[in-house]
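User: Hi, I have a structure open here and I'd like to go through it with you. Could we begin with the charged side chains?

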Amino acid sequence: MTLPYTVETNDITMMIVQHHEAQHWTQKCIDTFDRLYEESARRPKIHGHRHPPLYQRQPFRIKYLEAVYAHIAQFSGVLHWNGEQILNWYVTRDKRGEQ
């Protein structure tokens, strides 16, 4: 099984390769989440993130990561799962024959 993961909101891509500031990363993540949340009314969506300590979890950038999670926390029905939890949900759902 593979999980969706966008390179466009990858912190390494945005900050190291594209040379964007952390604020730009935050806005991009929020915009991505908002669109996926809207689309999730029809079927579940995954907004994949990874947070290596080398980049986004640096003390001078952590507030931007926290801003993304603060925004996401305002919405009902959103789950914060790791890959194993998503896989378990999917396998269980598939066995029940849910769409």
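Analyst: Gladly, and please keep in mind that this is a predicted model. Arg 35 forms a salt bridge with Glu 38, and the closest N and O atoms of the two are 4.0 Å apart.

User: Where do Arg 35 and Glu 38 lie?

Analyst: Both lie in helix H2, where Arg 35 and Glu 38 are three residues apart, or about one turn of the helix.

User: And is Glu 38 buried or exposed?

Analyst: Glu 38 is exposed, because its relative accessible area is 51% and the cut-off for exposed is over 50%. Arg 35, with 46% relative accessibility, counts as partly exposed.

User: What else meets Arg 35 in a salt bridge?

Analyst: The side chain of Glu 39 does, with an N to O distance of 2.9 Å. Glu 39 and Arg 35 are four residues apart in helix H2, so about one helical turn separates them.

User: OK, and which residue does Glu 39 bridge to with N and O atoms 3.2 Å apart?

Analyst: That is Lys 45, which forms a salt bridge with Glu 39 at that distance. Lys 45 counts as partly exposed at 30% relative accessibility, whereas Glu 39 is buried, with a relative accessible area of 19%. Taken together, Arg 35, Glu 38, Glu 39 and Lys 45 are linked in a network of salt bridges, and the count of salt bridges comes to three.

User: Let's change topic. Where is His 47?

Analyst: His 47 lies in the loop between helix H2, residues 22-39, and helix H3, residues 62-72.

User: Why does His 47 count as buried?

Analyst: His 47 counts as buried because its relative accessibility is 19%, and buried means under 20%. Leaving aside residues up to four places away in sequence, His 47 touches Thr 9, Cys 29, Thr 32, Phe 33, Leu 36 and Ile 72.

User: Which residues of H3 are buried?

Analyst: The buried residues of H3 are Tyr 64, Leu 65, Val 68, His 71 and Ile 72. Seen down the axis of H3, these buried residues fall within an arc of 125°, so they line one face of the helix. H2 is included in what covers the buried residues of H3.

User: And the aromatic pairs, how many are there?

Analyst: The structure holds four aromatic pairs. In the pair of Trp 81 and Trp 89, the ring centres are 6.5 Å apart and the planes are at 50°, so the pair is tilted. Both of these residues count as partly exposed, Trp 81 at 36% relative accessibility and Trp 89 at 30%. Elsewhere, ring pairs link Phe 33, Tyr 37 and Phe 75 into a cluster.

User: What kind of patch on the surface do Trp 81 and Trp 89 belong to?

Analyst: They belong to a nonpolar patch, which has about 790 Å² of accessible area together and has Met 1, Leu 3 and Ile 46 among its other members. Met 1 lies in the segment before helix H1, residues 11-17, and is exposed, with a relative accessible area of 59%.

User: Last one: how many helices and strands does the whole chain have?

Analyst: The protein chain has four helices and zero strands, and, read along the sequence, follows the pattern α-α-α-α. Of its 99 residues, 28% count as buried, and its accessible surface comes to about 7000 Å², of which 53% belongs to carbon and sulfur atoms.

Conventions
Residues numbered from 1 in each chain as written. Predicted model: local features only at pLDDT ≥ 70, side-chain atom pairs only at ≥ 80, totals over all residues. Heavy atoms only, no water. Helix = DSSP H or I, 4+ residues; strand = E, 2+ residues; numbered from the N terminus. Buried < 20%, exposed > 50% of the residue type's maximum accessible area, 1.4 Å probe, protein only. Contact = heavy atoms within 4.5 Å. Arc of directions from axis to C-beta. Patch = residues over 30% accessible without salt bridge, like charges linked within 9 Å, V, L, I, M, F, W, Y side chains within 5 Å. Areas by Shrake-Rupley, 256 points an atom, 1.4 Å probe, with all protein chains shown as cover. Phe/Tyr/Trp six-rings, centres within 6.5 Å; stacked < 30°, edge-to-face > 60°.
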